[in-house]
Amino acid sequence: STTLELESVSHSYGNRVALDNVSIKLRPGQFNALLGPNGAGKSTLFALLTRLYRLQQGEILFDGASINRQPRQFLSRMGVVFQQSTLDLDLTVLQNLEYHGALHGLSGRAIRARAAQELEWLGLADRLGDKVRSLNGGHRRRVEIARALLHQPSILLLDEASAGLDVASRQAINRAVRDLCRQRGLTVLWATHLLEEVKPEDPVIILHKGRVLADGQGQALCTDT
Ligand code: ADP
Ligand code: ADP
């Protein structure tokens with residue numbers, strides 16, 4: 001499984017420090033929870049991991065090597081679900097996936113095969129030709145997960161993937177992503193501000209005001225389980 005590590009990463013917006021000397025290491029092949037209230041720095045961390053932002057300070061290591069050394073290889077092995085949906089509502093599910101697949105150099109045939117595969121286990125096999133606009137919020141999230149998996153990454157990053165969904169859909173998405181870890185050995189980073197999405201056995205990193213408050217097992221947080 002794939003390892004991902006941040007070493008003394010700091011990030012500022014002008015004078016505002018969003019990440020302050022953050023060092024974390026994801027447990028390979030596991031569902032790693034990144035827990036923190038709004039403003040903790042989760043989105044900034046995602047922007048650095050996805051290379052939307054340039055690293056100001058520190059190092060990000062992917063399987064032991066700096067992501068700046070081989071950025072394309074790194075991006076090709078990473079799947080991302082951003083907090084804000086980036087699906088085109090007026091395109092069909094398949095068309096949304098086709099665009100992403102093409103960016104990753106997959107042939108049309110490979111894209112259709114992979115899309116059918118991923119949508120099958122996500123329960124959306126029959127929606128391939130439907131416009132995304134006709135799908136409910138939970139199903140749109142599933143499409144984003146399918147898209148993030150299309151190029152078969154070894155690590156999956158999700159920023160508030162269950163935001164704005166009802167409880168049942170939230171739990172369903174959370175369960176689906178946990179299945180990915182179990183069945184494929186995928187390394188997952190699940191960022192959330194909701195404690196209820198963390199299980200006692202999860203490795204969990206708590207971020208607060210840009211600092212790592214705790215880095216350990218969910219056990220210590222879950223008093224009611
Ligand atoms: P979230 O907390 O849900 O990640 P925010 O509401 O903090 O999102 O931020 C929404 C958008 O505004 C993001 O693109 C973020 O980078 C930007 N943003 C957040 N805080 C500030 C700020 N103080 N000044 C300028 N832009 C900001
Ligand atoms: P989270 O995703 O955990 O809500 P963010 O990474 O969005 O946290 O924000 C961390 C801190 O950085 C917050 O204080 C936020 O207001 C600030 N911030 C985020 N984006 C920007 C931005 N583009 N410009 C200025 N400040 C920002």
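The paragraphs below lead through a predicted model, starting at its ligand and ending at its surface.

Ligand 1 is surrounded by Arg16, Asn38, Ser43 and Gln83. Sorted by class, this shell holds three polar residues and one charged residue, with no nonpolar ones. Several side chains in the shell come close enough to the ligand for their distances to be listed. A polar side-chain atom of Ser43 is 2.8 Å from an oxygen atom of ligand 1. For Gln83, a polar side-chain atom lies 3.2 Å from an oxygen atom of the ligand. The side chain of Arg16 has an N or O atom 3.5 Å from a nitrogen atom of ligand 1. On its own, ligand 1 has 550 Å² of accessible area, and the protein covers 28% of that.

The next stop is helix α1, which spans residues 42–49. Seven of its eight residues are buried, so α1 is largely enclosed by the rest of the structure. The buried residues are Lys42, Thr44, Leu45, Phe46, Ala47, Leu48 and Leu49. A residue counts as buried when its relative accessible area is under 20%. Just after α1, Arg51 takes a positive phi of about 65°.

Tyr53 lies in the loop between α1 and β4, the latter being residues 57–62. With a relative accessible area of 34%, Tyr53 is partly exposed. Together with Tyr13 and Leu52, Tyr53 makes a nonpolar surface patch of about 300 Å².

Ser8 is partly exposed, at 34% relative accessible area. In Lys209 phi is near 50°, and the residue is found in the loop between β9 (203–208) and β10 (211–217). Lys209 is exposed, with a relative accessible area of 66%.

Which charged side chains pair up? The model has 13 salt bridges, among them one between Asp63 and Arg77, where the closest N and O atoms are 3.2 Å apart. This pair links distant parts of the chain, 14 residues apart: Asp63 is in the loop between β4 and β5 (65–66), while Arg77 is in the loop between α2 (71–76) and β6 (78–81). Asp63 is partly exposed at 38% relative accessible area, and Arg77 is also partly exposed, at 33%.

A second salt bridge joins the side chains of Glu118 and Arg184, at 2.8 Å from N to O. Glu118 belongs to helix α4 (residues 108–121) and Arg184 to helix α6 (residues 167–184), so the bridge ties together parts that are 66 residues apart in sequence. Glu118 is buried, at 2% relative accessibility, whereas Arg184 is partly exposed at 40%. Both residues also belong to a network of salt bridges that includes Arg114.

An α-helix has 3.6 residues a turn, so residues three or four places apart point the same way. Asp179 is partly exposed, with a relative accessible area of 25%, while Arg182 is exposed at 62%.

Conventions
Residues are numbered from 1 along each chain as its sequence is written. Chains are lettered from A and ligands numbered from 1 in the order in which they are written. This is a predicted model: local features need pLDDT of at least 70, side-chain atom pairs count only at pLDDT 80 or more; totals for chains, interfaces and linings use all residues. Side-chain values use heavy atoms; hydrogens and water are left out. Patches are made of residues with over 30% relative accessible area and no salt bridge: like charges are joined within 9 Å, nonpolar side chains (Val, Leu, Ile, Met, Phe, Trp, Tyr) within 5 Å. Accessible areas come from the Shrake-Rupley method with a 1.4 Å probe; for residues, only the protein chains shown count as cover. A salt bridge is a side-chain nitrogen of Lys or Arg within 4 Å of a carboxyl oxygen of Asp or Glu. Helices (H or I, at least four residues) and strands (E, at least two) are DSSP runs, numbered from the N terminus. Buried means under 20% relative accessible area, exposed over 50%, partly exposed in between (1.4 Å probe, protein chains only). A residue is near a molecule or strand if one of its heavy atoms lies within 4 Å of it. A polar contact is a pair of N or O atoms within 3.5 Å; within protein, one must be able to donate a hydrogen and the other to accept it, and residues adjacent in sequence count only if both atoms are side-chain atoms. Ala, Val, Leu, Ile, Met, Phe, Trp, Tyr, Cys and Pro count as nonpolar, Asp, Glu, Lys and Arg as charged, and the others, Gly among them, as polar.
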